[in-house]
Amino acid sequence: MTATLSLTVNGEPRRANVGSIADLVRSLELDPAKVAVERNGEIVPRSTLANVAIADGDVLEIVHFVGGGQSDVTDNSDIWTVAGRTFRSRLIVGTGKYNDFAQNAAAVEASGAEIVTVAVRRVNVSDPKAPMLTDYIDPKKITYLPNTAGCFTAEDAIRTLRLAREAGGWDLVKLEVLGEARTLYPNMVETIRATEVLAKEGFLPMVYCVDDPIAAKQLEDVGAVAVMPLGAPIGSGLGIQNKVTVRLIVEGAKVPVLVDAGVGTASEAAVAMELGCDGVLMNTAIAEAKDPIRMARAMKLAVQAGRDAYLAGRMPTRKYADPSSPLAGLI
């Protein structure tokens, strides 16, 4: 007979009569094929869950499997590519702060986005039947980009993305390592260190960074597949504060550049694209709008308009007026 074990599961004490990790997962009414498990700080490969015995005092983390996807691009009139993966939409949206998953899904559809960022979080073991994002946003149609939101050290970010890869087989990921809670500015020393480690482990990190062309180049040199300078602090809605430095990053980069954070309304998304960025990532600007669905649609059109304006090439600025109609032949 299996002895009753005292465990810590997702930060909570729990007693269980189980033999293996797979037994524990099933006892929580979860599917072992849809989660990733960390035992005492070490990721347990999903293929071995049934073979790894649980011991008294074990500390386990169980996180969601939410899948991944790839766009089927047939129109190559103005596509963009990151790490060999091609997309039409240049708008990436987040999946936080919405009233519910249904509103989130409707906003994603209205935005036309083909990529959504997702946080890697603990499974709710007290309610394993609770709705999940994958119930509303199909990972076979939309690319899931796991991120490290809330991580303040390179170690935490690396650990999070290792779990994400075990859960869903991801290699294309979004890395952010924050410096402090007040500004949510990136800690570039930790960010560069995490980027280098992840790249060596086969990850393809798209990296949130300061709007500094030198830092952006350093990230590219250590393996970033895209650099994502902030326009302003996360969730601030202040718009792009340093257009000159963003443009310098674009001019010097050999990987895609996407503005990440700070956009508050459609005109600011258009500005990012007019600067030559390959795309824009946003969450709060849509989720906290009075009408998120309408704002998502506005952002889609703004990104398209800004991209067209960049490709068209703006007129030169002049010190004095230049009449639109010819003056010769006036009556």
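Domain bounds here come from an automatic or database domain assignment. On that basis the protein chain has a domain 1 (4-64) and a domain 2 (80-312), and their C-alpha centres are 31 Å apart. This is a predicted model, in which local features need pLDDT of at least 70 and side-chain atom pairs count only at pLDDT 80 or more, while totals for chains, interfaces and linings use all residues. Residues are numbered from 1 along each chain as its sequence is written, and side-chain values use heavy atoms, with hydrogens and water left out.

**Confidence**

- The predictor's confidence in each residue, pLDDT, runs from 0 to 100, and the protein chain averages 89, with 92% of the residues scoring at least 70.
- Over residues 65-75 the pLDDT stays under 50.
- Where pLDDT is low, the predicted coordinates should not be read in detail.

**Where the domains meet**

- Counting contact as heavy atoms within 4.5 Å, 20 residues of domain 1 touch 15 residues of domain 2.
- About 1700 Å² is buried between domain 1 and domain 2, and carbon and sulfur atoms give 60% of this area; buried area is the accessible area (1.4 Å probe) that two parts lose on being put together, summed over both.
- The rule finds one salt bridge across this interface, where a salt bridge means a side-chain nitrogen of Lys or Arg within 4 Å of a carboxyl oxygen of Asp or Glu.

**Salt bridges**

- Side chains of opposite charge can pair when their charged atoms come close.
- By this rule the count comes to 18 salt bridges.
- Arg 159 and Glu 38 form one of them, at 2.3 Å from N to O.
- Another joins Asp 58 and Arg 39, whose closest N and O atoms are 2.7 Å apart.
- Asp 58 sits in the loop between β4 and β5 and Arg 39 in strand β3, so this pair ties together parts 19 residues apart in sequence; strands (E, at least two residues) are DSSP runs, numbered from the N terminus.

Notes
Helix = DSSP H or I, 4+ residues; strand = E, 2+ residues; numbered from the N terminus.
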